[in-house]
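User: I would like to learn how to read helix faces, helix packing and a chain contact from a model. Please take one feature at a time.

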Amino acid sequence: MKLTDIIDTLSLTVVAGDAEREAEGVYAGDFLSRAMSHICADDLWITIMNNVNVIAVASLTDAAAVLLAENVALAPDAVEAAKAKDVTVLSSDKSVYELCAALSRIDGLS
Amino acid sequence: MADNVVFHFDVDGEDFSSAGGASVTVKKKLRQLGISQEYIRRVAIAMYEGEINMVIHANGGTADVIVSDEEIKIVLADTGPGIPDVSLAMQEGFSTARDNIRSLGFGAGMGLPNMKKYTDTMEIETELGRGTTITMTVKIA
């Protein structure tokens, strides 16, 4: 499913990157090692972590995008890293639970 | 490929802003070499965990990646404090990371277990006060 459709449906903000990518699934979690081993390629990764290491993990796992919950702002150096590594970052004022619940109602995500 | 391809990196200690840089670079290089996505993913995860461990615990070190026709070998070497109890360190959830490290999202106690999980072989040579060398391979044949 196109990220642009998810962005429209959930009223997300694009913080960095290209929203034309497709997302196949969803992962939610904040510990980077856990995320590293569980995010599948093309997953939308929901987290409240906002530091530059999040961008490295998203890049290494080929996540479709990072989705920052609860209006968490991406750290300035992480914004630069996201642009440099072509990592898409989205944000929302909703909680992780609310985002997961909303995404579970969208067809085409696993 | 006829000859082995070798990549060498110096990993800065305590520099979390660039931590993972070597892993990201290796991932790109392996892609250019035509290595399949699944092998790249395993190498990237194992190497990233090792790189982060060197930054958190050992004030940095070196990372060497050797690509042959049969395998991708990753050698991570540091001159840090060494690992007092390797079997304990290998347990999922065990961590000695400080609170400031945990606040960055690290310290889940998954580093070494992930490195073992995503590679075919892993050897740890460690000496207290002298350092640690971890050698991992991912078979690609």
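User: Which exposed residues does the face of H4(A) turned away from its buried side carry?

Analyst: A residue is buried if 20 or more other C-beta atoms lie within 10 Å of its own, exposed if 12 or fewer, and partly exposed in between, with C-beta atoms placed from the backbone. On H4(A), the face turned away from the buried side carries exposed Pro76(A) and Ala84(A). This is a predicted model, in which local features need pLDDT of at least 70 and side-chain atom pairs count only at pLDDT 80 or more, while totals for chains, interfaces and linings use all residues. Residues are numbered from 1 along each chain as its sequence is written, and chains are lettered from A and ligands numbered from 1 in the order in which they are written.

User: Which residues of helix H4 of chain A are buried, and what do they pack against?

Analyst: Helices (H or I, at least four residues) and strands (E, at least two) are DSSP runs, numbered from the N terminus. In H4 (residues 76-84) of chain A, the buried residues are Ala78(A), Ala81(A) and Ala82(A). Seen down the helix axis, the buried residues of H4(A) fall within an arc of 100 degrees, so they line one face; the arc is that of the directions from the helix axis to the C-beta atoms. They pack against strand E1 (13-16), helix H3 (52-61) and strand E5 (89-91) of chain A, where contact means C-beta atoms, placed from the backbone, within 7 Å.

User: How is the packing of two helices described?

Analyst: The description uses the angle between their axes and the distance between the axes. For H1(B) and H2(B), the angle is about 160 degrees and the axes are 9 Å apart. Axes are lines fitted to C-alpha atoms, for helices over the stretch in contact, and angles run from 0 to 180 degrees between N-to-C directions.

User: Which residues of H1(B) and H2(B) make that contact?

Analyst: H1(B) contributes residues including Val26(B) and Leu30(B), and H2(B) residues including Val43(B) and Met47(B).

User: How many residues does each chain give to the contact between chains A and B?

Analyst: Chain B gives 18 residues and chain A gives 16 residues. On the side of chain B that touches chain A, helices H1 (21-32), H2 (37-57) and H5 (111-117) of chain B each supply at least two residues. H2(B) gives the most, with four residues.

User: Is Val55(B) buried or exposed?

Analyst: Val55(B), in helix H2 of chain B, is buried, with 24 other C-beta atoms within 10 Å.

Notes: Contact = placed C-beta atoms within 7 Å.
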